[in-house]
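Thanks for coming, everyone. I'll walk through one model today and keep it brisk. Have the structure open as we go.

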Amino acid sequence: MTAPRGPAGVPRDDTGHPVPVPDRVRRVVSIVPSLTETVAAAAPGLLAGATDWCTHPADLDVPRVRGTKNPDVDRIAALRPDVVVGNTEENRPADVDALRAAGIPVWMTRIRTVEEALGSLRRMLAEGCRVPVPSWLDDADRAWAATAPGPPRAAVVPIWRRPWMVVGRDTFTGDVLARLGVANVYADHPERYPKIPIGELNASGADLVVLPDEPYRFTADDGPEAFPGLDCVLVDGRHLTWYGPSLVDAPRVLAERLAR
């Protein structure tokens, strides 16, 4: 899918904002870990900077620009990127505005479903970074198209504790699980990441608790003990919450974890 064009053929990002990227992009700064991995996998050498939380690929050696919620705008500007890539959920509008005010083109992705992820990444790479669409995106498309949902389950998906927070409505994580047969108990909650007391979580009617290792690092000793009598499954947050090369293996890996 091709991005809509802005003034004089300027491409628009997922939010509809025109992004005046040059015809050839040589330097990209990513302020989202999954987008960092996406760019690194599609065009090695293109990345000129990434956040402190960008852990993939493991051998990534680029200047760091702090975090997703507090990027160092001056540091990013000094790296002279042709474009900065970000995400509407991960990055704050004030930081995006500051980058644009500094004269830096910013390409924002907006992703809440697997289908949106596949289309958005194609546009970001082809239109925002001016690089060929990699074959692994086709592999991911086929992997998800071939995925059949498992036995129906009803789950709560905590992402934090103290206070407890869970996945709510309109999230990429919720869509991933739904495609695997797991219904999010809080999918109709008015908030996307509501704070829910632990007593309410245990009384929600769920028969499954899905515990990722990010943003809060749930482990076998930290998380399951709060849900007595419920099946708890620990999963790799990269497969559950990231959109990028992990999309290729995510349906198989998550299905195997949920089946245990």
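Start with P57. P57 sits in the loop between β2, residues 47-49, and α2. The peptide bond from H56 into P57 is cis, and omega is near 0 degrees. Keep in mind that this is a predicted model.

There is another cis bond to look at. It joins R162 and P163, with omega about 0 degrees. P163 is in the loop between β6 and β7, where β7 covers 165-166.

Stay in that loop. R162 is found there too, between β6 and β7. R162 has a phi near 60 degrees, which is positive, and the residue is not a glycine. Is R162 buried or exposed? Its relative accessibility is 62%, so R162 counts as exposed.

Now W164. W164 also belongs to the loop between β6 and β7. Relative accessibility here is 10%, so W164 counts as buried. What does W164 touch, once neighbours within four places in sequence are set aside? The contacts are P158, P194, K195, I196, I198, L201, F218, G223, A226 and F227.

H189 lies in the loop between β8, 182-184, and α7, 198-202. With neighbours within four places left out, H189 is in contact with R169, P194 and I196. The H189 side chain also reaches the backbone nitrogen of E191, at 3.0 Å.

One more backbone point. D170 is in the loop between β7 and α6. Phi of D170 is near 50 degrees, again a positive value in a residue other than glycine. At 42% relative accessibility, D170 counts as partly exposed.

On to the helices. Take α3, residues 93-101. Its buried residues include D95, V96 and L99. Viewed down the axis of α3, the buried residues fall within an arc of 100 degrees, so they line one face of the helix. What do they pack against? The partners are α2 at 73-78, β3 at 83-87 and β4 at 106-109. The other side of α3 has P93, A94 and A101 exposed. After α3 comes G103, with a positive phi near 85 degrees.

Next, α5. The buried residues here are W136, L137, A140 and W144. Down the axis of α5, these fall within an arc of 105 degrees, so they line one face of the helix. Which elements cover that face? The cover includes α1, α4, α6 and α9. Turned away from the buried side are the exposed residues S135, R142 and A145.

A general point before the details. In soluble globular proteins, nonpolar side chains tend to be buried together. Here, the largest nonpolar core has 52 residues, and Y243 and L247 touch the most other members. Which elements each supply at least two residues? They are α1 (33-42), β3, α4 (114-128), α5 (135-145), α6 (172-179), β9 (208-212), β10 (231-235) and α9 (250-259). The largest share comes from α4, with six residues.

Look at Y243 itself. Not counting residues up to four places away in sequence, Y243 touches V32, S34, L35, T38, N87, E90, I111, A117, L121 and F172. There is also a second, separate core of 14 residues, and V166, A206, V209 and L230 are among them.

The largest pocket has a volume of about 920 Å³. Of the 29 residues lining this pocket, which are the closest to its centre? They are T68, E90, E214, P215 and T241. E90 is also one of the residues Y243 touches. The elements that give two or more residues to the lining are α1, β6 (158-160), α6 and α8 (237-241).

To recap the proline bonds: H56 to P57 is cis, and R162 to P163 is cis. On the helices, α3 has its buried residues along one face, and so does α5. That's the tour. Questions, please.

Definitions and conventions: Residues are numbered from 1 along each chain as its sequence is written. This is a predicted model: local features need pLDDT of at least 70, side-chain atom pairs count only at pLDDT 80 or more; totals for chains, interfaces and linings use all residues. Side-chain values use heavy atoms; hydrogens and water are left out. Helices (H or I, at least four residues) and strands (E, at least two) are DSSP runs, numbered from the N terminus. A polar contact is a pair of N or O atoms within 3.5 Å; within protein, one must be able to donate a hydrogen and the other to accept it, and residues adjacent in sequence count only if both atoms are side-chain atoms. Contact means heavy atoms within 4.5 Å. Buried means under 20% relative accessible area, exposed over 50%, partly exposed in between (1.4 Å probe, protein chains only). The arc is that of the directions from the helix axis to the C-beta atoms. A nonpolar core is a set of buried Ala, Val, Leu, Ile, Met, Phe, Trp, Tyr and Cys residues joined through side-chain atoms within 4.5 Å. On a 1 Å grid over the protein atoms alone, a cavity is a set of points where a 1.4 Å probe fits but cannot get out, and a pocket is an open set with protein on both sides within 12 Å along at least five of seven lines; lining residues have an atom within 4 Å of a point. Grid points are joined across faces, edges and corners, and a volume is the space filled by probe spheres set on the points.
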